[in-house]
2 protein chains.
Amino acid sequence: MGQQVMNVGLLGFGTVGTGVLEIIEQHQSKLAHQIGAEVRVKKVLVSNLDKERGDLVNKDQITDNIDDILQDDEIDVVVEVMGGIEQARDYMKQALLNGKHVVTANKDVMALYGSELLQTANDKHCDLFYEASVAGGIPILRTIVEGLASDRITKIMGIVNGTTNYILTKMSKEGRLYDEVLQEAQALGYAEADPTADVEGLDAARKIAILGTLGFSMNLDLDDVSVSGITDITSQDLAYCQQLGYTMKLVGIANRIDDKVEVSVQPTLVPHSHPLASVDDEFNAVYVYGEAVGETMFYGPGAGKLPTATAVVSDLVEVLKNKRLGVNGNSAIIPQHDKKLKTPDEIRAKYFLRIHAKDLPGTFASLTSLFNEYNVSLEKILQVPLNEGKLAEIILVTHEVTKKDYDDVLKRLEAEDVVVEVKSSYRAEGEMN
Amino acid sequence: MGQQVMNVGLLGFGTVGTGVLEIIEQHQSKLAHQIGAEVRVKKVLVSNLDKERGDLVNKDQITDNIDDILQDDEIDVVVEVMGGIEQARDYMKQALLNGKHVVTANKDVMALYGSELLQTANDKHCDLFYEASVAGGIPILRTIVEGLASDRITKIMGIVNGTTNYILTKMSKEGRLYDEVLQEAQALGYAEADPTADVEGLDAARKIAILGTLGFSMNLDLDDVSVSGITDITSQDLAYCQQLGYTMKLVGIANRIDDKVEVSVQPTLVPHSHPLASVDDEFNAVYVYGEAVGETMFYGPGAGKLPTATAVVSDLVEVLKNKRLGVNGNSAIIPQHDKKLKTPDEIRAKYFLRIHAKDLPGTFASLTSLFNEYNVSLEKILQVPLNEGKLAEIILVTHEVTKKDYDDVLKRLEAEDVVVEVKSSYRAEGEMN
C-alpha cells in the first residue's frame, strides 16, 4: 500500500463540517486501510477567520478565500457543507470545472441544480456524490446505485421529512392539535422557526425529486413534483384513518409504469401492515421496489450532526477509492432516459374522502351512482350520523382509480345538492406490492 | 480505463450460481464501469459435466475438477455458491491459501468456520466476503462495515429467518395453528421438508452469530448463541401478546454493554410501535443501534435467486475494486476484540410469563411477594378467570430484570403451591432505545 496523501477542501465549518473533520481525524488509519491512501483536510473555508475554532484545525488550515481551495491543484475533492443555494452551487460548479470531485450534503442545490451539476461532473469526468442530501442516517442513494447495477426500480416511497413525521405521529398517537405539536417541535429543535418548507411539503419534494432522478435515471425537477403539505389535516381525519386501518404519513412517491413516471408528495394513508406505517416521530424511511430484489426498506435518522457527517465521509471514501481506481465520473449516475411524466388519466391511486351530506332517503344511492359514472369503485365505506341525524358524515376509500376520474368526481360532488361539504380528501396506499 | 480482464471461478451452478452468471452477463458494461476492468467467469465447477446447461455457459467453461479453478493463476476470485459444509469449507480454504479472494453465500460455513477462514484470508492478504449469507436482499454486512468506520454498534436485532416469520405471521394474524401453517409453508416452498433448522432457531442462530461477530468485531461461535425455537408457541400466547400491545417474532439479538456481549435467538415480544413488529410474512429485517448514527433498520427479502445473486455480485465487485486498489485483506474485518460473554446476572431483559394459579384469596399477594424477593418488578398484569373461577390465568410482563433473577423466580414459581402450571415464558423487548 502506498503512502500517497489525498487532499480535501472543506467548504463550511458549522455542525456538519466539524463532524466531518472529527470523523476524519479520529478514523485516520481505518480510512487509509479502506482507500489505500491517507486522507488530509488541507483547507477549510470559513466566513470568519478570527472565530475561536478549538484544536480541530490550525491557523494555516483555515481560509476565507475560496480560491485557496479552487485553485489549489493538490486538492482532489471539495466537500460542501456550507449550506445556502446560489453561492454553494457556484463553488461546486467551479470546483467541478477545475477537475475536482465534489461531495455535498445540500439537498436544495441538488434538487434545483442537480442535473446541471451532474452534467458538468460528467463532462469533466468528476464524481459528484450527495448521499447526505436525502436522509443523513440512511445509505439510500448508495443502495439505489448498487441495486441499479442489476435491477430495475419501479417504485420509491419515502418518509423523508422528520419535522412533519414528528407532528403527524404526535397528532395521531396522542390526539393532539397541529399548532400545539408544531410549537413543541420548534422547542425541541425538530422544526425551524419558519416551518413553511417542512409543513408545506417542499423539503420532502426536494428529496423525492433527488431519489426519483437517481432511481429512474431521469431528470426530475422540483417543478415535476406535485406537492401538498400537512397544514389542513384535522384530528377527525386522523381518527377515521385509524379506524379504517391506516396511518397518515407525509409520503414522497415516485413510481414508474412502463417508461412514464409520477412524482408527488402528499399526506397519504398507509395501511397499518405496511412497513412505512410504523416509522414514527422524527425518523425517516425509504421504501424501494425493484423488479429483481422486490421490496426493501431503509429506516433511520433523517438528520443530525453525526448521521450527516458519517454519510459525507462515506461519499468521500468512495470518491477517493474511485480516484485511485481511475473510475471517477462513472456515467451511470447522470440521467440516461428522457423525462416522461404521467398525465392525470395515467396516474392511478386510491383515495380517502370525507364528506358531509344531507341525511335523506336516497342520498347514498345518488352518491354511488355518481361514483359509478366516473368508474370510481369503493373499497371501504363508513357512515356516521351527525347533528341529530340531519347530516351524515360519509367516509370512503376508493379502489385504485385514475387521478383524472377522481378529480372529476370530486368536482361533481362539490356541486351536488345532497352534498353539504367535502371535508377532506387524501391519497391512500394499498397493501404492499 | 484499462482493458484489464479479471477472472472468476464459480463453484456451483444451481439456482444462485445461474443467477450470478446471468447478472454478470447482462450487466457487463455497467460492472466494467464500476471496477475499471472487465469481469469474466472463466470456469464453473459442476458435479455433472453431461447435464444440459443452456446457452449461459459453453463446454470449455465447465469443469468437474476443482483444481482447474484452484490451480489456475489467472483466476483472481472464487465465488462459492455450491452449498453444503465440509467440502465448501475445504475449497474456500484452499482458494485462500492459493491467494485467491473468496465470495460466499454459505451461512453454515461462515457460522461454523468463519473465524478460521477469516484468519486465513487475513494471513494471505485476501478478501473473504459473505453478504449473501445473512439476508440476501438486504446489504446489511456492508452497511455494518461502513458504519463501523465511524461508529460503535451496541445492539443488533434481526428477523433473519423467513420460514419462521411466515409461520408466526399467519398464526398471529389469522389465528391459525402451527402445524397447518407449517404445511402450507412447505407447499409454498418457504419451508424445507425437514424444517428443524428453521423452526428450532438454528438457522437464525447462525446468522446472528455472523452479524454479532462482524458488528462487535468479536469472534462469536454458534455455541455462544443461546437458542430457542418456535415449536411451543400457542395461539393463546399470541392472543395475549396482541392484547398487551406486542407482536411475537423470532428475534436474533446481539447486544453489548461496555465490552461484554450477549447473543441469543428466541421468540420475543416486540412492541407494536417497534419497526421490527411490522416485518411480516417471509420478509427479513435487521435493526442496528450505533452510538453515532442511532437507530437504523434494513428490511427486505431474506432469500430468493435474484436477491441472493445480487448480493454475491455486489461482493464480487467490491473484491475486484479492492484488488485494483491494492487494498484486499483489509484487517478491519477480522475480529479485533477478545470474546467476553455476559453471564446470566449481567444479561438484562424483560419477560412475558403466563401461569395458571389457584384462584384463592391471597394468591396474587403471595406471587407478588415472591417476585419482589427476586427483584423482579412487573410492568403489565392481566388476570383472567378460568374453569368457572377455580383457576386464574395470570399474564405478566416484567420490567427489565437480570436473566439470573428471572430464571430463579421461574424455578421458585414451579415449586409454589398456588401455582398449577407455568404455561409459557418469553423474552420481551421494550420500546426502542
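Q: Over residues 352-427 of chain A, how far apart are the end C-alpha atoms?
A: This is a predicted model. UniProt, in an unreviewed entry, places the feature "domain: ACT" at residues 352-427 of chain A. Over this stretch the chain is 32% helix and 46% strand. The end C-alpha atoms are apart by 6 Å.

Q: Which strands stand at the edges of the open sheet of 6 strands in chain B?
A: The pairing in this sheet is parallel, and the order is S3-S2-S1-S4-S5-S6. An edge strand has a single partner strand, so one side of it is left without a neighbour in the sheet. In chain B, the edge strands are S3 (62-63) and S6 (128-129).

Q: How many of the 12 residues of strand S10 of chain B are buried?
A: Strand S10 of chain B spans residues 260-271. Buried means under 20% relative accessible area. S10(B) is mostly covered, and its buried residues number 11.

Q: Which residue in the hairpin of S9(B) and S10(B) takes a positive phi?
A: S9 (residues 246-257) and S10 of chain B pair in the antiparallel sense over 12 bridges. One bridge joins B:Arg256 to B:Val261. The hairpin has 2 residues between the strands. The positive phi, near 55°, belongs to B:Asp258.

Q: Which residue in S17(B) stands opposite B:Thr268?
A: S10(B) pairs with strand S17 (residues 419-428) of chain B in the parallel sense. This pairing runs over 2 bridges. Opposite B:Thr268 stands B:Arg427.

Notes. Residues are numbered from 1 along each chain as its sequence is written. Chains are lettered from A and ligands numbered from 1 in the order in which they are written. This is a predicted model: local features need pLDDT of at least 70, side-chain atom pairs count only at pLDDT 80 or more; totals for chains, interfaces and linings use all residues. Side-chain values use heavy atoms; hydrogens and water are left out. Two strands pair if DSSP finds at least two bridges between them. Helices (H or I, at least four residues) and strands (E, at least two) are DSSP runs, numbered from the N terminus. UniProt positions are given in the numbering used here, feature names are shortened, and annotations may be inferred rather than shown by experiment. Buried means under 20% relative accessible area, exposed over 50%, partly exposed in between (1.4 Å probe, protein chains only).
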